Amino acid sequence: MEPPRTPDFDPPRTTCPVCASTALRDWDHDAHGRRIARCGGCGVKFMNPQYSDAWLAHFYSTYISVHGEGDVTRWRSRPEVREEAKRRSLRLLATHVTPGRILMIGCGDGLELRIARELGWQPEGYDVEPATTAEVERTIGVRVHSGTFPPATLAPGSFDAVFMDQVIEHPKDPAIYLRTAHAMLRAEGGLFLGLPNVGSLANRAKTLLGRLGLRARSRGKHYATKHHVFYYEPKVMRRLLTEQFGFDVVAVSGSLKPDEHPWKQPLAQRFPILDSSFLIVARKRARPPGQRADSSATRAPSSSKACRSSGSKETDTAAPGASGA
Ligand SMILES: [Zn+2]
């Protein structure tokens, strides 16, 4: 079948793909007419209607990596900046989980597999496109799974850590990725997530200016709807991990990438709202018998309590007025 040449879309969703709530409302749109919904149940935002599977398959067949290496003239896309950011992220994870077997989902060009191995982890990768993953496997010498997610070749309960850096804003069903991460981890294993922060101060300002009609041509550019279909902020992801996916959050931080402005990174690490990305480290919870990790009806102790009881350093800073924004 001939792939579509312009984006086409599913019928609009009437339930949240993450928590199944029907309390969806129109939140915003961008200059290309892509509409963003907000779920009243869990707070996540997502493109609605979503791209069709045929369009996404076509789009990702030519997408070299999920890490956005594209324009290397941009500071944050420069190889040495990406490399240092991966190194810092893996070191953050290693402050909570002793390096061992790590599954790196969305490993793209394999840079993160190489850095992980340098830092004493035993990495395995996953990415969608078989030709690219075969090439990465050959050049880096690390096993890389591919094809439909989750691949049957993964062994449940066998990983000390799962790493997804700038990954779950791309798929139409991020819940499958979080459930798979949970299933692949051993008890108390560590999950690392790096995500764009739709709730950053700069992005809130852009949303507001768009609504006021002051950014007509660039309205909603911060959603990056060309390839991002889910939009997260720290408090929403923390709640999802804790209440729906069977994790205890042990660290929330602004991103750890080097910046042109040396003052910015330490500040953003402390106050994630200042950064366009954020990082979360969570631990797979040992669940009481009969409690399901994937049920929205499952209610866990509040995340702040879980964090205190974990004894880990908590770096998240609550954003004033963050609720519902
Ligand atoms: Zn929801």
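Helices (H or I, at least four residues) and strands (E, at least two) are DSSP runs here, numbered from the N terminus. This is a predicted model: local features need pLDDT of at least 70, side-chain atom pairs count only at pLDDT 80 or more, and totals for chains, interfaces and linings use all residues. Residue numbers start from 1 along each chain, as its sequence is written.

**Overall make-up**
- The chain has 9 helices and 11 strands.
- Of its 325 residues, 43% count as buried. Buried means 20 or more other C-beta atoms within 10 Å of the residue's own; exposed means 12 or fewer; partly exposed lies in between, with C-beta atoms placed from the backbone.
- Two residues are in contact if their C-beta atoms, placed from the backbone, lie within 7 Å. Among contacts with a separation of 6 or more, 68% come from residues 24 or more positions apart.

**Cis peptide bonds**
- Asparagine 48 and proline 49 are joined by a cis peptide bond, with omega about 5°. Proline 49 sits in the loop between β3 (45-47) and α1 (53-61).
- Phenylalanine 149 and proline 150 are also joined by a cis peptide bond, with omega about -5°. Proline 150 sits in the loop between β6 (144-145) and β7.

**Helix α5**
- Helix α5 spans residues 174-184 and is mostly covered, with 8 of its 11 residues buried.
- The buried residues are Pro174, Ala175, Tyr177, Leu178, Thr180, Ala181, His182 and Met184.
- Their cover includes five strands: β4 (101-105), β7 (159-165), β8 (185-196), β9 (230-231) and β11 (277-284).

- Glutamate 188 has phi near 75°, a positive value in a residue other than glycine. Its place is in strand β8. Glutamate 188 counts as partly exposed because it has 13 C-beta neighbours inside 10 Å.
- Alanine 224 has phi near 50°, again positive in a residue other than glycine. Alanine 224 lies in the loop between α6 (201-211) and β9. With 15 C-beta neighbours inside 10 Å, alanine 224 counts as partly exposed.

**Isoleucine 140**
- Isoleucine 140 lies in helix α4 (residues 130-140).
- It has 18 C-beta neighbours inside 10 Å, so it counts as partly exposed.
- Neighbours within four places in sequence aside, isoleucine 140 is in contact with Gly110, Leu113 and Arg114.
- Leucine 111 is 29 residues from isoleucine 140 in sequence, yet 8.7 Å from it in space, C-alpha to C-alpha.
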